[in-house]
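Please examine the structure shown below.

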Amino acid sequence: MYVEDPDTSPAAFEALVASVNRYEITAVVLPSLWHLALVGDPAETRGRFERVTGARIMLPEVAP
């Protein structure tokens, strides 16, 4: 689990990227894209993460 601290942002995000690349992880599950908001625009951050790591960010589907 990586938790971003406003004082050290984006240290946790960078550590996550490094771990995903090191261990060749193919997917990361987030409760919502808002969990990326401290790093920047959530949609842009998702795209950057997926390009840099080759892993997908997966989000749970919400039942109606």
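## Basis of the report

On a 1 Å grid over the protein atoms alone, a pocket is an open set of points where a 1.4 Å probe fits, with protein on both sides within 12 Å along at least five of seven lines, and lining residues have an atom within 4 Å of a point.

The model is predicted: local features need pLDDT of at least 70, side-chain atom pairs count only at pLDDT 80 or more, and totals for chains, interfaces and linings use all residues. Residues are numbered from 1 along each chain as its sequence is written, and side-chain values use heavy atoms, with hydrogens and water left out.

## The largest pocket

The lining of the largest pocket comprises 17 residues, and Tyr2, Val3, Leu16, Leu30 and His35 lie nearest the centre. Two elements, α1 (11-22) and β1 (27-29), each give two or more residues to this lining; helices (H or I, at least four residues) and strands (E, at least two) are DSSP runs numbered from the N terminus. The largest share, three residues, belongs to α1.

By class, the lining has 15 nonpolar residues, one polar and one charged. Here Ala, Val, Leu, Ile, Met, Phe, Trp, Tyr, Cys and Pro count as nonpolar, Asp, Glu, Lys and Arg as charged, and the others, Gly among them, as polar.

## The salt bridge

One salt bridge is found in the whole structure, the term meaning a side-chain nitrogen of Lys or Arg within 4 Å of a carboxyl oxygen of Asp or Glu. This bridge joins the side chains of arginine 46 and glutamate 50, at 3.4 Å from N to O. Both residues belong to helix α2 (residues 42-53), where they are four residues apart, about one turn of the helix.
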